[in-house]
Amino acid sequence: MHADQQIVLHHCSVVDGVHDKPRAGEAVLIQGDRISAIGPEGELLAAAAPEAKRLDLGGAFVMPGLLNMHTHFSLSLPGPGGGAVSALSPHALALYMADGARRTLNSGVTTVRCVAEKDHAEFAIRAAIDAGTAVGPRIFSAGRALVCTGGHGYEGTDTLECDGADDFRRGARAQISAGADLIKVMISGGIAGEHEAIDTPQLTVDEMAAVIETAHAWGRRVTAHAGPAPIIEQAVRLGLDCVEHGYQLTEPVAALMAERGTSLVPTLIVTRCGDFFDTLGVPQWMQRRSLDAGPRHVESYQLALAAGVEMLLGSDMPPYQETGGTTATVRELEHMAAFGLTPPAALRAATIGPARWLGADADIGTVEPGKYADLIAMDGDPTQDVSALRSLRWVMKGGDVVRDDSIGLHA
Ligand SMILES: [Zn+2]
């Protein structure tokens, strides 16, 4: 995107992510890779330079690009689908992940938070995207997730086994030196581990404290894969910044999270995605564990909502993955809304909320002057019903149109 290029997006309603209602008859002026003004269509069209590109969005609703806070481009669940990913050579893996990054951006997700990727390959992809030699979203990554020996996800190069406080400190420092923006740690069992249960404790208190202290000292936030309330309570008291899944929260622990400002990425979709598991040939023991955890998972989410915990969208499965007739990201947003968030609140959980957690809210998360022109457009009004995102048909990242269904453009 040329710094002096001007684009005016018009014939649209702007869902800016600040106000709960769309602003009809407004246009968005983009200068280079950032938004420079939002205002009445007639005024902005008149004020733009004669050589500015004028893009008619055909009455679409325009909103900030989505942020998905729990992604894995190199996901390999148990079963033949995941086995094929695990068997890729390092070069083939990077190409596979780069393809996933491109599809992610096309699905309207303009920023991701990777929370365990194989072999640090995502840092090479991030560099290629920044250099313009690959196409994909803005990437924030935890590098490899830290686990105890045999802990959740220990089988692959997307985790690093550590034992003892010193080893967990070394693990955290190793991720930061590889380029990690945050640290991810597995503090309990989960759905995909054959030899563990969802509520298996996996780290000692001094190990958790070592990870959190080290990360914070280096200015990185920490998120934890966690299911059971007692373990989450320990970690939150130690300063944990975010909980992934939170399958079994209780009222007091939810209240503690709200009080301490610990966010929740509920990933509701992981206990209700049989079609996705079938596609990958996920074994029956894991499918049963996922399905069985579903009702308690929703109860946990609703306790957290009632307590005032900040919710952030994360799909766990690839953001673009087709499931339930749409993408995993949109399906997760639908679950978050169906189980309690209003549509505007659900949209914030997928835009400005994550941007704030990442410390990137000066650059992304709303449609406001000064921010990157990371925008998506659709035919329906997402502030009325988040399922409007199923009609997404246009994506822009940093002022570049990367998808436009009306002319058949898919980056
Ligand atoms: Zn995950």
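Q: In this predicted model, what makes Asp166 and Ser177 count as exposed residues of α5, and which face carries them?
A: Exposed requires over 50% relative accessible area. Asp166 and Ser177 are classed as exposed, and they sit on the face of α5 turned away from its buried side.

Q: Which residues of α5 are called buried, and what places them on the same side of the helix?
A: Buried means under 20% relative accessible area. The residues of α5 in this class are Ala165, Phe168, Gly171, Ala172, Gln175 and Ile176. They cover an arc of only 135 degrees around the axis, and therefore lie on the same side of α5.

Q: What do the buried residues of α5 pack against?
A: With contact taken as heavy atoms within 4.5 Å, the partners are the strands β8 (145-147), β9 (159-161) and β10 (182-186), together with helix α6 (205-217).

Q: How do you know that the span of α5 agrees with its number of residues?
A: Helix α5 comprises 14 residues (165-178), so at 1.5 Å a residue it should span 20 Å; the end C-alpha atoms are 20 Å apart, in agreement with that value. Just after α5, Gly179 has a positive phi of about 125 degrees.

Q: What makes His70, His72 and Asp316 donors of the zinc ion?
A: A donor N, O or S atom must lie within 2.8 Å of the metal. The coordinating atoms are NE2 of His70, NE2 of His72 and OD of Asp316, at 2.0 to 2.2 Å, so they meet this cut-off. Along the chain the donors follow the spacing H-x1-H-x243-D. His70 lies in strand β5 (residues 66-71) and Asp316 in the loop between α10 (284-307) and β14 (322-323), 246 residues apart. Both His70 and Asp316 are buried.

Note on methods: Residues are numbered from 1 along each chain as its sequence is written. This is a predicted model: local features need pLDDT of at least 70, side-chain atom pairs count only at pLDDT 80 or more; totals for chains, interfaces and linings use all residues. Side-chain values use heavy atoms; hydrogens and water are left out. Helices (H or I, at least four residues) and strands (E, at least two) are DSSP runs, numbered from the N terminus. The expected span of a helix is 1.5 Å times one less than its number of residues. Buried means under 20% relative accessible area, exposed over 50%, partly exposed in between (1.4 Å probe, protein chains only). The arc is that of the directions from the helix axis to the C-beta atoms. Donors are N, O and S atoms within 2.8 Å of the metal (3.2 Å for Na, K and Ca); water is not among the atoms, so sites may look incomplete.
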